[in-house]
Structure formats: structure tokens, C-alpha cells
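Please read this briefing with the sequence and the structure side by side. The points are grouped by topic.

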Amino acid sequence: MSDKAKTKFNQNEINELKRAFAYNLFYNQGRPLEAADINDFYMSVAHTVRDRMQHLFINTLANFKESDSRVVCYLSAEFLVGPHLANNLVCLDMYEKVAQALEETGLDIKEIIEHEVEPGLGNGGLGRLAACYMDSLATLEIPAIGYGIRYEHGMFHQVIEDGWQKELSDMWLHNGNPWEIKKPDVSYEIGFGGHTESYHDDQGNYRMRWMPARVVNAVAYDTPIPGYRVNTVDLLRLWSSEAVESFDFEEFNVGDYFGAIEEKVKAENITKVLYPNDEQCQGKQLRLEQQFFFVSASLQDIIRVHFMKFDSLENLHETFAVQLNDTHPSVAVPELMRLLMDVHGMAWEQAWDVTTRTLSYTNHTLLPEALEKWPMPLFASLLPRHLEIIFEINRRFLEEVRMKFPGDDGRISRMSIIEEAGGKFIRMANLACIGTHAINGVAAIHTDLLKKHTLNDFHTMWPGKITNKTNGVTPRRWMVVSNPRLTDLITEAIGDGWIKDLYQLRKLENLVDDSAFRDAWLQVQEDNKADVADMAADDGIMVDPASMFDVQVKRIHEYKRQHLNVLHIITLYNRLKANPGMEIAPRSFVFGGKAAPGYFMAKLIIKLINSVAEVVNNDKDVADRLKVFFLDNYNVKTGQIVYPMADLSEQISLAGKEASGTGNMKFSMNGALTIGTLDGANVEIREEVGAENFFLFGLTVEEVMELKSQGYNPRDYYQADDELKAAVDAISSGVFSNGDTELFRPLVDSLLFHDEYMLFADYRSYIDCQDRVGRAYMDLDGWTRMSILNVARIGKFSSDRSIKDYCDEIWKVKPAPVKLKWEKIPEEGIVFRQKKHI
């Protein structure tokens, strides 16, 4: 993927690709060359690449049915896959070949790749993790299906107006999606509401049936996910909601034109948008509908595929390992029970055994407000049969708890699926813990805190059920695609085996004392930063590529403490104003991320960042030394530019709040150094790269708990630290709001009187650590050494390692390499027969 000397390929292969481009332009896009635009060219190239992936995809699906290996089913409300084209070209080893064919056709592959619109199928770390895991499952040749929702619109398209976030519709499907294949014959009816009825079956057994009031269809859209230079192409199956009857002809004929399509509109709303604002009751209902919709469709699909090989569901858990990615899919527990009992006639005990042995659960949060729970009246109105099943699960479970812990009413209350205090709620995390055979955290410290605090009762009940599976990210997307210069440098030095075995990067340690290699490493970083500076200049923004690129890109949330970063910027600004001759390492501060539409304080933080930027960037006293930028609509495409350019990675959440994080891994993979707390995966990154190559600050989890137990008073810190007081007073007095003292009052008051995430307690440690960062950056050669060692020691954080851990310890799955039965359509043609298909 580099600009180095290109390999010359067999001209017949190149000509075949050129003919394929022309064919797809003419027949798929329906455009002659002279009428085609950039989107037509992109679609033609994408179809050409997809066509060359199809034989691998079809062979992999055939392998699903023939292999004895369990199939991993990854259920996730998000799959933030990112743009497909470049990643698929890398995995299929076609990038240079396609680039040459396009060049001979008069097209630039970089322009084609840049045109691709990112699929709006996720928001943050949860969805990106799911996408990395699908990449690794395919690369490790594990049979896998990712199940999720085909959102018509992503969360939103973020624009910044007058410093404020504004949300626009994310119309990612507007120009079509060449990677997906609609499968209208793979569809399932999904019910909502209604009531339940009891009856006796033909054998006289007492049974229940659900009579839904409303039914919609879930229709499959399939996207191939290729592994890196293997035959395996796994399946991402996303569900779109359609009406069972999309048009009422009778209503139309009597003039009720809206009524004629009312059911179509209601049904399609379910998959219309990612994460509707759930502040209102209607938003909560839609989110629950979305969760049940994709879970039910996925489980029905799993059962259908199982019946292709077996006549009974008694061994379902031997065929499929179903992973619940956080609490969103945890309604799978009662739904699988319902399908096994009500639809397929199993007795409770056997259905429960199959359900718990099939399902496993990943917890992604320590924040109590993020442990999903649903108001019981809402749940009862939408899923009455599932509530009955939950009641029975809870009754049986609490009997077990009483037997093991007699007289412990507090434990009973905490572990119950039903929350009784302040109105009744269904605790989905408790349901997931009870209804699965394995629970895992996503970083060592996160798992430890789950056992000690968040899920302590379940850990005490079932020691060993909660284990750790530290997150990882794919080096294919986050190094090979994102940072081709660094990829080339590393590959020239140690070969390309590291792309599938990231631990091989350890070989770079032998080169850290090689001055020529260090110079080449620094040149890669300088070139990446120069590219970004040139892109910014095209938009009229001047960035000094020699400055330190200090970057914090992630979802905007108080616990992630973007405003602590802002306090540091203001402190530096105040120092420079007071002492213009002070020597510092010039810095360009870069922020990016979205705030949830209903999260006022996060939106106010975005406004504060942009207001500080406006003052700092226009002050000639600091112009050459401080710059502040906010990247709007941060996404995977932007991340592929940001991670390779960064010098410093800000991972500054309060210890004990971040489950893991994955941005911290991506930055380190690309050579950025980290300033961070002992939170999430930061702890393990520091252990791997070495404490001397990590800038540590802040309270530990134990210190946070102790300070809070003593009665934390943020005003004490505010009064005791002159620089902190000056920074806060600058905000409150209107320095960054044109004299408006009310604009940021909610944020300042929150910090002065509550400071839930203890910015003031960590402020001085953070500032002192940033001073060490500044001094270290002035020694570029020493900084480069640390950068090389960060990359060399990052092998643990490949998603390949994570997936191997899941396969060995939870799923009990082994690779099933795909042997190609069909390379292409036989020349004699195909004999068509009716067959069952995946």
C-alpha cells in the first residue's frame, strides 16, 4: 500500500481487472464511461473486488455445514466496520494489483478509496471491537457469523456550528452499498405485544404460546468479512425490518393513503436509526424493540442452520457458541428459552441446560448507569411471554441463592433479575450473568473490579465463572491500512510475518540502537504529520507539523475527562501569557468524538473545547506554540488518519471507570506514547511497553475509593492550587465565552461542588506529568526510542490474541481451514437443484 516501487504483475491479470471494471461500470452501474462520476467508478471497483471474494465466501459457507467445528455467533448491537475497500484489498492481497489496473485505466486508487462512505453501523469502542473480532475470526480461520442490525441511518452526522455539536442524518446508504447482498428468502417473523395462552399439546403436556399483537419481518443482508491471506471469508448478517404486508390495497382504495402504508412505516422504524434518543418513553420502547428484533431473528436463524445438520436441538450448544457483546443482546436468554420450549417442545430443564451452555456474556462497563435495565411495564407490554420466562428463571435462581446463602436478604435483593426499589425494573446484566455459562471482563483491572464490586455477588456464587479476556484490535486495519509507511519500514526490517503474529514486532527491539533505523522511524512520523498539515492547509487551517501532536479522540463523556485536558491547555496558555519567553515544546492539541444527543454536559464540553480553541488559536502571543483543534464527525476513516499522526495519546479517564479502551492500543501500535491513569487496558499496556515508556499520573482505584469514602471536597483542591484556580476562573469569568459568565456555569459548578470524576484531585499530578512529556519531546531521538519500543512490545493487544483466548477458554472452538471446492463457475455450467442454504 505504499508509494514505493510498484510490483509489475502479469499483464493478462491486469487486463482482466480492467475489463471487470468496465463490465461493472456498464452493466451494474448502467453508465458509459463519459457519463460516469467518482461514485460510479468506486461502485465498479467495489463490485470487481467483491466478485473476486465470492468464491471464497461460498466455499466458507459450505464449510460451515461440513465442518465439525462449532460456529461462533457474535451478537452485537453495533458493528463499526469502517470502509471496506482498502481493508478487503489488503486481506485479499490485491491492493497493488488493483492500483496498477486503475492507474492504467486513468484512475487513482487513493481517490477511489477516499470516496467510500463509512457504514453507519456503530458509534464507538463496542462496535469497533466487534468489527476487529470479525476480522480476527476470519484471519484465524474460525467459522463465525456476526449478527446485528442494518441501521438505515447511523447515530448521526456531527457538524460543529458556533462551537456547538449539531446532529444531522447519517445517510450512509444513499449511494448504495456494494458489499452487502440482500437475502429476502432468509427472513423471520418477529412479534411484539399481545398476550399469552396456555394449552395442552398432543402428548398432554402443559404448554404456553405467545399471541403477538404486532408482527414484523426481519430480512437478512449479508456482508463478507475476509481473513488476511486465507481462504476463510466469514459472514456478517445484519437484519432489516420490513412489514409483513407493506401495502394495504383496501385502505388505499377508500382514500386512506397514509393508512395504506402505515404498517410499512411502523415496521421500518425499528431499524431506521442507531441508538434513538431514549430520554422519552418512545425512545426507550424503540431501543428495546431493536434489541429483541435482532436477537430473535439471529436465534431463529441459528436454529434453522442447525437443522440443516441435525434433527434435534438437544446438541445446539455443540454446534454454536453464541457470544453476547454487552447487555444489549441479553434478551437472548428468555428468547432462546421461548424458542426451545414454546416452538420446539423442550421441557424447561433441558431448554435451560442448552441455553446456558450455548450463551456467554461479555461485560463492557463498570458504570452503574450503563448496566441496562428496563421498566417492567414497558417490558411487559412488548414481551409478555419473555417476562413470564424471566419470572420463572428468577424464581428458580433465587431458590439456589437462598440455599447457598440462607438468611441473606440483601444478597437476594442485589442478585434478583427484578429490581424492586423505586419502581420495578428488569436488570439485564443480572439476566445475562444467570443465563450464560461464562462471563468475561475486557481488561485485567476491569475483570478484577467486576469480581470485587460490580458483579461480586455472582463471583461469590460461581467462583471461576468470571474470567478476563483483554480487548485487542486488528493490525490489518490499524497498521497496514492506516499507516502504510510504518508498515513498509517494519516489513523491510523484520519481514511481514508480524501482520498475522503481532508478537513478532519484538524483533524491532534489536533495532532501537540503530541510528539509521531511528532516523527512518522519525521520518515516517514526520511524513505522516506533514500529510495531515497539508490536508488542514487545504481547508485554510495552519498546523505546524514540527509541533507535538497531542491527541484525544473518543466518545465525549465526563468520565473520559476531555475537560481535564482542557484545563491543561488553559494552564499552558496562562503560563505563556504570564511569561512569553518561557521555553516549551510546541503542541497541537487535537480532539474528536461525539456526544450523545441528550447529554447536555458532554455537549457543553465540546463547546468549551471550541471556545478555548478560538481564543488560543487567535492569540499572537502563543500562536507558534499552542494550537487547539476539534475534528468534527470523528469515525473510522478519520481514525485511520489520526492514529498514525499522533505523538501523544491521551488516556486520562479516572481510574476504575474505563473498562478497557481500544484507542489506547491503536495509538501505541502506531508509535504514539501514552499519558494515562492506571485505568482499563492502560495498566497492561504500561506493563508491556515498560513503565519508562509510559507517562503515568493520577490516583489509583484504591486511592479513589478511599478519598471518596473520606468525603471528597473538590473546592479544597481548587483553593489550594493557584494554577487550577486560575484555569477554572478563566472559564467562569468569560475569558473563553466573550465575557459571558453564564455559558459554562453548569460545567464549572459541577466541578466545584461535585466533581464526580475527580478532575481536581488528579489535576496537579496531570500537569506535572505533562511537564515531563514536554521535556521528553524536546529530545526527539530519545522520544523515537520510546516510540519504537511501544510498537515492539504491543503484540499482546492484537485482536488475534483476544480471539484465541475466547476460542480456547470460552467457546472451545478450533480453526476450520477452508479447502476450495469451487474456484469459479464450471465451464460446463451448473445443474440447478433446490437445496438448503445458509
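Predicted model: local features only at pLDDT ≥ 70, side-chain atom pairs only at ≥ 80, totals over all residues.

Residues are numbered from 1 along each chain as its sequence is written, and side-chain values use heavy atoms, with hydrogens and water left out.

**The open sheet**

- Nine strands make up an open sheet of mixed pairing, in the order β5-β8-β9-β2-β1-β10-β11-β15-β16; strands here are DSSP runs of E with at least two residues, helices are runs of H or I with at least four, both numbered from the N terminus, and two strands pair if DSSP finds at least two bridges between them.
- Because β5 (181-192) and β16 (466-468) stand at the edges with a single partner strand each, one side of each has no neighbour in the sheet.
- From one strand to the next, the twist averages 25°, where axes are lines fitted to C-alpha atoms (for helices over the stretch in contact) and angles run from 0 to 180 degrees between N-to-C directions.
- Strand β15 (residues 439-441) pairs with β16 in the parallel sense over three bridges, and G441 is opposite N468 of β16.

**Helices on the sheet**

- Helix α2 (residues 38-66) lies across β2 (144-149), β5, β8 (214-226) and β9 (233-243), and runs at about 90° to β9.
- Helix α9 (residues 281-306) also packs on the sheet, where the strands it touches include β1 (71-75) and β10 (320-325), and its direction makes about 115° with that of β5; contact means heavy atoms within 4.5 Å.

**The β18-β19 pair**

- Strand β18 (residues 587-592) and β19 pair in the parallel sense over six bridges, with F591 opposite F630 in β19.
- Five of the six residues of β19 (residues 626-631) are buried, so this strand is largely enclosed by the rest of the structure; buried means under 20% relative accessible area, exposed over 50%, and partly exposed in between, with a 1.4 Å probe and protein chains only.

**Helix α26**

- In helix α26 (residues 682-689), the buried residues are N682, V683, E684, I685 and V689, and they pack against elements including α17 (444-454), β16 and α32 (780-792).
- Just after α26, G690 has a positive phi of about 105°.

**Glutamate E809**

- E809 lies in helix α33 (residues 799-811) and is partly exposed, with a relative accessible area of 48%.
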